[in-house]
Amino acid sequence: MDTSVSKIDALDQWLNQKARIDEVDLTPFGFRGESLHLLREDQIMEEASGNKLRKLLPNLKQAAKIGVNRVLTFGGAYSNHIAATAAAGQKFGYQTIGLIRGEELTEKIHENPTLSKAKRCGMELVFVSRQEYKRRFEAEYLSALQHRYGPCVLIPEGGSNDLAIQGVANMVQLLPKKFRVLCTPIGTGGTMAGLLEGARTPQEVWGFSALKGVDFVKQLEVYGEGISRTIFTHFHFGGYAKANRELIDFINNFKACTQVPLDPIYTGKMMFGLLDVLRTSSGIDISEILVLHTGGLQGIEGFNASNKALSNIS
């Protein structure tokens with residue numbers, strides 16, 4: 001049996017999985033009789049949920065096509081991408097290597113829910129200095145990693161590359177055409193790029209930046225020719241991985257009212273921002289909006305542990 005072919009077939013089945021669409025009642029948030037449609041990408045594969053899976057699958061398929069069984073990627077202490085790569089590697093039979101920012105974490109794996117889970121999934125964790133980690137975009141450094149670890153597919157931090165964008169665009173093609181607005185959080189920009197590439201006029205894409213001071217308008221201008229887009233930059237709560245009590249209270253209240261969990265890094269900020277936009281704007285048909293739940297829920301435990309001054313996310 002050709003294992004590479006069977007692996008490609010399995011990956012294709014997952015690439016074509018449709019996420020369910022939930023209707024979330026917005027009455028508790030001041031929108032009487034209105035519901036918001038939520039694409040539950042977080043529910044497709046529990047171990048590697050959301051946009052991370054959509055971005056990983058085409059990269060894993062490419063690895064199978066060229067006969068490479070090892071994946072090397074990069075991430076920080078609580079990286080959703082590291083967790084998803086380790087889980088997907090275990091599920092589909094790939095060796096995974098994670099270059100982790102921060103040598104001080106070497107002796108703290110057992111204290112870190114993301115890294116300990118990645119290790120249990122079989123990922124080889126390599127801890128590097130912050131200075132070395134900064135070289136992750138240098139061709140010479142990447143070539144040296146290929147030499148050091150043997151044939152492997154290199155996936156960038158966050159998982160966003162051309163193949164990943166194609167994976168998200170493919171997901172858009174699986175969606176009902178009735179939604180005019182597609183909403184997503186923005187981290188590296190790969191998911192919004194994929195939405196733009198997959199969307200068709202008159203659809204438009206709204207992105208909510210989780211980062212402070214990044215020019216996503218310029219970064220994304222090459223994607224989705226002719227597709228309208230709006231990038232909201234003022235719901236970052238101080239920057240990447242930053243939060244305050246207002247955001248945590250919102251996330252907990254949203255879950256209590258809807259039974260939908262959100263994470264504090266991406267989806268919580270997006271949903272907070274979207275509801276604020278809907279409250280303060282007129283002429284928007286909420287029924288035409290589809291919100292992408294990009295997962296990231298594995299990071300909640302680590303966030304709670306690292307932010308003891310804030311209320312816990314339930």
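This is a predicted model: local features need pLDDT of at least 70, side-chain atom pairs count only at pLDDT 80 or more; totals for chains, interfaces and linings use all residues.
Me: How many helices and strands does the protein chain have?
Reply: The secondary structure comes to 12 helices and 10 strands.

Me: What share of the protein chain counts as buried?
Reply: Of the 314 residues, 56% count as buried. The accessible surface comes to about 14200 Å². Carbon and sulfur atoms hold 48% of that surface.

Me: Why is T184 called buried?
Reply: Buried means under 20% relative accessible area. T184 has 0% relative accessibility, so T184 counts as buried.

Me: Where is T184, and what is it in contact with?
Reply: T184 sits in strand β7, residues 181–186. Beyond its neighbours within four places in sequence, T184 is in contact with T191, M192, L195, W206, G207, F208, M270, L292 and T294.

Me: What makes helix α8 mostly covered?
Reply: Count its buried residues. Helix α8 spans residues 190–198, and eight of its nine residues are buried. They are G190, T191, M192, A193, G194, L195, L196 and G198.

Me: Which residues have the most contacts inside the largest nonpolar core?
Reply: They are F92, Y94, L125, L182 and L195, in a core of 56 residues. L182 touches V172, L175, L195, A199, Q203, E204, V205, W206 and L290, not counting residues up to four places away in sequence. Another core lies apart from the largest one. That other core has 37 residues, including V24, C183, L262 and L310.

Me: Which residues of helix α12 are buried, and what do they pack against?
Reply: In α12, residues 299–306, the buried ones are G299, I300, G302, F303 and N304. The buried residues of α12 pack against α3 (80–92), α4 (113–120) and α10 (245–258).

Me: What share of the contacts joins residues 24 or more positions apart?
Reply: Among contacts with a separation of 6 or more, such pairs account for 74%.

Me: How far apart are the mean positions of the positive and negative charges?
Reply: The mean positions of the 35 positive and 33 negative charges are 2 Å apart.

Conventions. Residues are numbered from 1 along each chain as its sequence is written. Side-chain values use heavy atoms; hydrogens and water are left out. Helices (H or I, at least four residues) and strands (E, at least two) are DSSP runs, numbered from the N terminus. Buried means under 20% relative accessible area, exposed over 50%, partly exposed in between (1.4 Å probe, protein chains only). Contact means heavy atoms within 4.5 Å. Accessible areas come from the Shrake-Rupley method with a 1.4 Å probe; for residues, only the protein chains shown count as cover. Lys and Arg count as positive and Asp and Glu as negative; His and the chain ends are not counted. The place of a charge is taken as NZ of Lys, CZ of Arg, CG of Asp or CD of Glu. A nonpolar core is a set of buried Ala, Val, Leu, Ile, Met, Phe, Trp, Tyr and Cys residues joined through side-chain atoms within 4.5 Å.
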